[in-house]
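The sequence and the model come first, and the notes follow.

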Amino acid sequence: MGFEVLFKGNNFIRLLGGLGLSLKISLLSVIISIVLGILVGLLMTAKNSYVKLLLRTYLEIVRIMPQMVLLFLVYFGVARAMGVHLSAEVSAVIVFSFWGTAEMADLVRGALTGIPAIQYESSRALGLTMVQTYRYVILPQIVRRMIPLSINLITRMIKTTSLVMMIGIVEVLKVGQQIIEANRKASPNAAFGVFATVLLLYFLACWPISCLARYLEKKWEN
Amino acid sequence: MDFGVIKEYLPLYEKAFLLTIKIGWIGILLSLVLGILVAFILFYRIPVLKLIAGAYIELFRNTPLLVQLFFLYFGLPKIGLSISAEWCGALGLGLLGGSYMAEGFRSGLEAIPVSQTESAYSLGMSKGQMFRKVILPQAFSLSIPAIVANVIFLLKETSVFSAISLMDLMFTAKDLIGLYYNTTECLFLLVLFYILMLLPVSIAGSVVEKKARYRMFGV
């Protein structure tokens with residue numbers, strides 16, 4: 001069924017290397033997204049209406065534009081418009097951070113506005129200072145809400161990085177294609193085995209993370 | 001920006017747009033049917049089927065659509081299952097969407113208090129009546145925000161169809177850029193058509209969400 005191809009030479013190691021590249025791109029993008037996302041999320045709760053309008057537009061763009069289109073815009077569009085050549089990897093990190101920041105910011109905003117006013121009022125009534133209120137009352141609740149959701153963002157990021165093969169990065173799917181092409185004569189059915197394996201590899205990368213997120217969500221449910 | 005070029009490319013994009021929409025909505029319909037089915041299997045804990053449904057959800061939620069499509073389109077024919085690119089796209093989208101919709105419906109079903117079922121029985125309703133008149137309408141209203149979010153997500157995911165050589169918007173854009181180098185015009189049209197496809201859904205979605213909320217809670 002085409003699985004034998006994987007055990008030839010260093011084919012399987014190459015597949016894993018491709019997956020490693022995807023994971024590296026997604027990890028980098030997640031870190032940038034979380035840092036920027038928290039900042040933008042805090043800005044979203046600001047009262048200034050210009051800031052609000054600007055950020056709403058940003059969110060709406062990310063909400064309706066497929067990541068693939070953004071990838072094309074940055075990879076082909078920026079090169080044309082500004083005359084700079086961005087490597088495919090850099091374009092991918094820029095696009096996924098742009099997308100991830102919006103997602104993260106929306107989660108932060110949701111968590112912040114989801115804390116009922118009564119929490120702040122009760123803290124005041126108990127005589128807590130502003131700092132104490134945030135330190136002991138507000139932040140612990142926000143962190144508990146945020147962590148499972150941010151972990152979910154990681155799996156979504158990993159899944160989204162599969163798109164980078166469309167702008168020519170040699171990640172796991174592309175390596176798979178190369179292996180199939182190279183062994184076209186010897187094992188004509190390689191496509192089944194190789195793509196099934198790639199599917200499984202992605203599953204093995206994402207599933208444990210999803211399980212962790214679900215476990216934490218259940219554990220911290222009040 | 002050269003408007004002559006844009007005018008020339010417009011019919012090509014239109015064709016691609018219609019194809020993307022057609023396959024996208026067939027996939028979304030499939031995902032709704034599949035999602036409801038799987039949600040009921042999980043909610044009523046039907047033995048054996050429940051295990052299959054659980055495995056299906058985990059597998060499809062934790063793998064990218066691009067890889068699923070490659071497996072369906074290039075992998076399956078090798079063991080004798082050939083599907084046309086169009087159906088592959090719709091099926092892939094339907095399977096991916098089904099796993100997301102199922103979770104949405106299930107949380108809708110779980111949010112209905114048991115007293116609703118009990119009251120329906122005590123009013124002398126049959127199981128079918130209880131289902132049709134009490135459970136389904138409420139579960140559906142409760143799941144609307146999740147359904148809307150999933151529909152938008154799935155329409156965006158249609159952008160990977162080009163990988164299995166469907167002549168969709170991405171494919172057309174990439175093809176034209178490669179042939180004539182009118183990058184700016186091609187990308188402009190690409191963005192324009194995606195806005196055309198998704199903005200109405202996004203706006204309609206928030207209206208429907210408000211209506212459903214009003215029906216449920218009167219606010």
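How many residues does the contact take from chain A and from chain B? In this predicted model, chain A gives 36 residues to the contact and chain B gives 36 residues.

## The contact between the chains

Between chain A and chain B, about 3500 Å² of area is buried, and 73% of this comes from carbon and sulfur atoms. Of the area that chain A buries against chain B, 18% is supplied by A:I64, A:F192 and A:L199, more than by any other three residues.

The polar side of the contact can be listed as well. Across the interface of chain A and chain B, 11 residue pairs are in polar contact, with both residues at pLDDT 80 or more. The side of chain A that touches chain B is made up of 25 nonpolar, six polar and five charged residues.

## Helices of chain A at the contact

Which helices of chain A each supply at least two residues of the side that touches chain B? They are α2 (49-64), α3 (67-82), α7 (172-182) and α8 (190-219). The most comes from α8(A), with 12 residues.

## The salt bridge

The count of salt bridges between chain A and chain B is one. B:E58 and A:R214 form a salt bridge, and their closest N and O atoms are 2.9 Å apart.

## Nonpolar cores

The largest nonpolar core holds 118 residues, and B:Y13, B:L169, B:L190 and B:Y194 have the most contacts inside it. Helix α1 (residues 3-43) of chain B gives the largest share of this core, 12 residues. Another core, of 10 residues, lies apart from it; A:V108, A:A111, A:I138 and A:L153 are among its members.

What is B:L169 in contact with, once its neighbours within four places in sequence are left aside? The partners are B:Y13, B:A16, B:F17, B:T20, B:L190, B:F193, B:Y194 and B:M197.

B:M101 is part of helix α4 (residues 85-110) of chain B. Is B:M101 buried or exposed? B:M101 counts as buried because its relative accessibility is 1%, and the cut-off for buried is under 20%.

B:M101 and B:S31 are 70 residues apart along the chain, yet their C-alpha atoms are separated by 6.7 Å. With neighbours within four places in sequence left aside, B:M101 is in contact with B:S31, B:L32, B:G35, B:I147, B:N150, B:V151 and B:L154.

Definitions and conventions. Residues numbered from 1 in each chain as written. Chains lettered and ligands numbered in written order. Predicted model: local features only at pLDDT ≥ 70, side-chain atom pairs only at ≥ 80, totals over all residues. Heavy atoms only, no water. Contact = heavy atoms within 4.5 Å. Buried area = accessible area lost by both parts, 1.4 Å probe. Salt bridge = Lys/Arg side-chain N within 4 Å of Asp/Glu carboxyl O. Polar contact = N/O pair within 3.5 Å; in protein donor to acceptor, adjacent residues only side chain to side chain. Helix = DSSP H or I, 4+ residues; strand = E, 2+ residues; numbered from the N terminus. Nonpolar A, V, L, I, M, F, W, Y, C, P; charged D, E, K, R; others polar. Core = buried A, V, L, I, M, F, W, Y, C linked by side-chain atoms within 4.5 Å. Buried < 20%, exposed > 50% of the residue type's maximum accessible area, 1.4 Å probe, protein only.
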